[in-house]
Amino acid sequence: MFEAKLEDGTPLKKLIESMKDLFTDVNFDCTAAGISCQAMDSSHVCLCSVLLKADSFDPYRCDRNLTLGMNCVTLSKILKCAGNDESITVRAEDNADTVSFVYEKPNQERVSKFEMKVMDIDSEHLGIPDQEYDAIIRLPSHEFSRICRDLSQFGDTVTIAATKDGIRFSCSGETGNGSITLRQSSSVDSKEDEEVSIELNEAVTQTYAMRFLILFSKAQSLSKSVALSICQDVPLVVEYKIGDCGHIRYFLAPKIDDDIRDDMEQGGDNDEGQQNEN
């Protein structure tokens, strides 16, 4: 038997909203530690890792490890049926082919129950190694969303350069180009979730597909701040904390420069796996 109840179901609703445009069918792994999932987009360029800790739920019961395969679009539609003032309880029997969602108002004068069929999804669980990053940037999530929106007018790739002078986002295309530079917050009066902080171990410049960053930025409703972890030739990590519940982390492989790709192909080392790493 699996049962998990959130008195405030809003974070779960926002989490699935932030995933449904990127990932179709996802396995949610339920263990004594909590609910986790790992999903990869169809192009194998983007990976996401989610954790919702067991102590975020009350009650939380998981008699044995359970994997619930669900379609994100259908799950999003079901969760939208829950009112903002209603609790959400997720239940599943050990060998059941359905998962149920129960929504209750605080005084229980309205109780809704929905069932969703569980899918058998064949997916490989990838090990994500610990990584030292050249730069870790924390900034307001609404600022990250605005940067992606503003620069997307000029092209389909964005270059992020972290130096001792700050963090620079730039994009260029046939119609023009744009760049936005953020520097570390110096005001002592600024709130923590409104600050820009930069941990720089080494200057680094990487280029990424704009469309994925725009989709990542839709998770801004989960957290007021976002962390970007950048390292040369290693996937970018975009992390949003989900209150005290857990987190969602997006991993995005960097774009390979066309000149570098040509050199690799001519050298007989056509390792396109760099584009699809993680």
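Visitor: What makes strand β1 a partner of strand β7?
Guide: Five bridges join β1 (residues 2-6) to β7 (residues 87-92), and the two run antiparallel. Strands pair if DSSP finds at least two bridges between them. Five bridges meet that cut-off, so β1 and β7 are called paired. Phe2 stands opposite Ala92 in β7.

Visitor: What kind of model is this?
Guide: This is a predicted model: local features need pLDDT of at least 70, side-chain atom pairs count only at pLDDT 80 or more, and totals for chains, interfaces and linings use all residues. Residues are numbered from 1 along each chain as its sequence is written, and side-chain values use heavy atoms, with hydrogens and water left out.

Visitor: How many helices and strands does the chain have?
Guide: Six helices and 18 strands. Both are DSSP runs, numbered from the N terminus: helices are H or I with at least four residues, strands are E with at least two.

Visitor: In what order do the strands of the five-stranded open sheet run?
Guide: The order is β5-β1-β7-β8-β9, with antiparallel pairing. β5 (60-62) and β9 (111-117) are the edge strands, since each pairs on one side only. Neighbouring strands are turned by 15 degrees against each other on average, direction ignored. Axes here are lines fitted to C-alpha atoms, for helices over the stretch in contact, and angles run from 0 to 180 degrees between N-to-C directions.

Visitor: How many bridges join β8 to β9?
Guide: Seven bridges join β8 (residues 98-104) to β9, and the strands run antiparallel. Tyr103 stands opposite Ser112 in β9. The hairpin of β8 and β9 has six residues between the strands, and there Gln108 takes a positive phi near 60 degrees.

Visitor: What does Phe2 touch?
Guide: Its partners include Cys30, Ile35, Tyr60, Leu66, Leu68 and Val90, not counting residues up to four places away in sequence. Contact means heavy atoms within 4.5 Å.

Visitor: Which members of the largest nonpolar core touch the most other members?
Guide: Phe2, Met19, Phe101 and Tyr250, out of 77 residues. Helix α4 (residues 210-217) gives the most to this core, with five residues. A second, separate core of seven residues includes Leu47, Cys231, Val234 and Val237. A nonpolar core is a set of buried Ala, Val, Leu, Ile, Met, Phe, Trp, Tyr and Cys residues joined through side-chain atoms within 4.5 Å.

Visitor: Why might nonpolar side chains group like this?
Guide: In soluble globular proteins, nonpolar side chains tend to be buried together.

Visitor: What makes α4 a mostly covered helix?
Guide: Six of its eight residues are buried. They are Met210, Phe212, Leu213, Leu215, Phe216 and Ser217.

Visitor: Why are β13 and β15 placed at the edges of their sheet?
Guide: Four strands form that open sheet, in the order β13-β12-β11-β15, with antiparallel pairing. β13 (176-182) and β15 (204-209) each have a single partner strand, so one side of each lacks a neighbour in the sheet. Neighbouring strands are turned by 15 degrees against each other on average, direction ignored.

Visitor: Which helix lies across β11, β12 and β13?
Guide: α3 does, running at about 165 degrees to β13. α4 packs on the sheet too, touching β11, β12 and β15, and its direction makes about 85 degrees with that of β15.

Conventions: Buried means under 20% relative accessible area, exposed over 50%, partly exposed in between (1.4 Å probe, protein chains only).
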